[in-house]
Each structure stands twice: as C-alpha cells, then as structure tokens.
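Try each task before reading its solution.

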Amino acid sequence: MTKTELLYEGKAKKIWKTEDENFLVSEFKDDLTAFNGEKKSSEEGKGALNNQISSALFELLNEKGIQTHFVKMLDDNNMLHKSCEVIKIEVIVRNIATGSLSKNLGIDNGKVLPFTLVEFDYKNDALGDPKLNDQHALILGLVKHQDELDKIRRVAREINDILKPFFFEKGLKLVDFKLEFGKDKNGNIILIDELSPDNCRFWDIESGESLDKDRFRQGKGGLKVAYTQVLNRILNK
C-alpha cells in the first residue's frame with residue numbers, strides 16, 4: 001500500500017491517503033509535545049517504538065474481539081489502518097489517580113480508584129480539550145445518540161479489562177490511558193489512533209518508576225529507554 005497524499009499532520013503522526021480510499025497510513029513521528037503543545041521536543045526512534053507498541057496492542061485487542069482500525073505494521077514508522085470518521089471525543093480510562101485528576105479534584109497521587117473511571121474530553125486543541133458530559137457531547141453533535149456514548153464507554157471498559165491484567169503480568173501497572181474512536185465505512189464504532197506510552201501511563205510494579213511520556217512532561221529524561229522497556233515487556237524480551 002503506497003502513501004499518495006498527506007491528509008493531516010498532528011502532534012505525533014502524519015496521516016496519509018493511499019491508492020485505496022478505504023485505507024490510510026499513519027506515520028509515527030519522533031516529535032514530543034506536552035501541556036497542549038506548550039512543551040516541545042523530539043526523541044530519535046520514539047516514533048518507531050510507538051508504532052511497534054501500538055501494533056502489538058492492537059493485534060492483542062483484535063484477537064480478544066475488540067474492533068479496531070488496525071490492519072498491519074508496514075515498517076518501523078508506518079501503520080496501515082482502515083479509514084474512519086473520527087469521533088471528536090477523547091476517552092480517558094483511569095485506574096489510579098494521578099495527573100489532572102489529582103490536580104483538579106485533590107485525590108492523592110497514586111491512590112487506587114474504587115472502580116475504573118471513564119471520562120470524556122472534547123477533542124479540540126483550540127479550547128484546550130475541555131471535559132465533556134454526555135449532554136455536552138449530544139448538544140455538540142459529536143455523536144448522534146446516547147447509545148453511541150454508552151457503547152464507547154462500554155468498549156473502553158472492556159479494553160481496560162484486557163490490558164490491565166496483560167500489563168500486570170509484564171510487571172507494569174496500567175495507571176490510565178486515552179482512547180479515540182471512529183466510525184468505519186459501515187458505521188461501526190471502532191477503536192482508532194494509537195496505544196503507546198504517549199497516551200498510556202505505565203508504572204513499574206516494583207519500583208514505581210514511570211515508563212511513559214511523564215518522563216518528558218516532568219523533565220526526567222530516559223524516555224527512549226523507558227519506551228524500549230515497555231516494548232520489550234510486551235514482546236517478552
């Protein structure tokens with residue numbers, strides 16, 4: 001499958017058209033951003049690591065019956081996937097309090113939540129990705145019906161039920177993660193985007209060390225080493 005025309009360039013990926021309108025290619029970039037683009041840098045090899053991690057996790061989810069846009073990894077930095085209409089909702093799944101949840105609600109950092117929390121943010125950089133409730137999403141026309149929100153929430157929990165024990169076996173706590181969904185050509189709501197340390201928080205079970213983009217956010221360094229650790233654990237290396 002050949003890249004023909006640049007469709008969109010985001011913070012972490014370039015999205016390319018192909019000769020088949022039903023398929024796109026995501027090219028994973030080495031760029032790093034945080035705090036809605038206020039902090040920027042790059043790390044050579046980061047894009048390739050995220051592509052490999054995302055591909056492995058999408059394959060796992062596909063095997064477990066979760067519908068995703070993933071088709072195959074083309075090479076180190078490029079992933080072939082289905083073309084979808086993006087639903088402009090960021091879905092945040094939280095198992096442990098940290099980051100904005102602790103900051104905004106005063107919940108102790110590191111506190112295990114009594115149940116999995118699923119939040120919605122409006123995918124809109126100009127507005128700073130504000131929080132959404134179901135009525136906001138319906139008023140904005142981000143989905144057509146409440147049933148679609150219910151499905152997104154249900155599938156997000158199903159994904160967590162697969163990934164949380166998977167990573168626990170690899171010696172990692174899945175603290176929280178961000179999902180995006182879209183509609184395929186048949187109108188089915190499926191998982192899209194990526195699953196990587198850019199949008200998932202991983203803590204080592206033994207040391208509590210962060211192995212995700214928080215290393216960049218907090219200026220800790222060692223990001224590529226951390227991402228490589230995550231990949232190696234997924235692949236049992």
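**Exercise 1.** Does Asp-129 count as buried or exposed, and at what relative accessibility?

*Solution.* Start with the ground rules. This is a predicted model, where local features need pLDDT of at least 70 and side-chain atom pairs count only at pLDDT 80 or more, while totals for chains, interfaces and linings use all residues. Residues are numbered from 1 along each chain as its sequence is written, and side-chain values use heavy atoms, with hydrogens and water left out.

Next, take the cut-offs: buried means under 20% relative accessible area, exposed over 50%, and partly exposed in between, using a 1.4 Å probe and protein chains only. Asp-129 has 13% relative accessibility, so Asp-129 counts as buried.

Then place the residue. Asp-129 sits in the loop between strand 9 (112-122) and strand 10 (131-132). Helices (H or I, at least four residues) and strands (E, at least two) are DSSP runs, numbered from the N terminus.

Finally, check the backbone. Most residues other than glycine have a negative phi. Asp-129, although not a glycine, has a positive phi of about 50°.

**Exercise 2.** Find where Asp-193 is located, and describe its phi and its burial.

*Solution.* First, look in the loop between strand 12 (189-192) and strand 13 (200-204), where Asp-193 is found. Second, read its phi: the value is near 70°, which is positive in a residue other than glycine. Third, apply the burial cut-off: Asp-193 has a relative accessible area of 17% and is buried.

**Exercise 3.** Pro-197 is in the loop between strand 12 and strand 13. Work out its surroundings.

*Solution.* Begin with accessibility: at 1%, Pro-197 counts as buried. Now list its contacts, where contact means heavy atoms within 4.5 Å. Leaving aside neighbours within four places in sequence, the partners of Pro-197 include Asn-50, Ile-53, Phe-202, Leu-211 and Tyr-227. For a distance check, the C-alpha atoms of Pro-197 and Lys-123 are separated by 19 Å, and these residues are 74 apart along the chain.

**Exercise 4.** Classify the ring pairs Phe-58 with Phe-70 and Phe-166 with Phe-167.

*Solution.* A pair of aromatic rings is described by the distance of the centres and the angle of the planes. Rings of Phe, Tyr and Trp (its six-membered ring) pair if their centres lie within 6.5 Å; planes under 30 degrees apart count as stacked, over 60 as edge-to-face and the rest as tilted. The whole structure holds three aromatic pairs.

For Phe-58 and Phe-70, the centres are 6.0 Å apart and the planes meet at 20°, so this pair is stacked. Phe-58 belongs to helix 1 (residues 46-63) and Phe-70 to strand 6 (residues 70-73), so the pair ties together parts that are 12 residues apart in sequence. Both are buried: Phe-58 has a relative accessible area of 0%, and Phe-70 has 7%.

For Phe-166 and Phe-167, the centres are 5.2 Å apart with planes at 80°, so the pair is edge-to-face. Phe-166 and Phe-167 are buried too. Ring pairs also link Phe-166, Phe-167 and Phe-202 into a cluster.

**Exercise 5.** How many helices and strands does the protein have?

*Solution.* Count the elements: there are six helices and 13 strands. To finish, note the burial of the whole protein: of its 237 residues, 50% count as buried.
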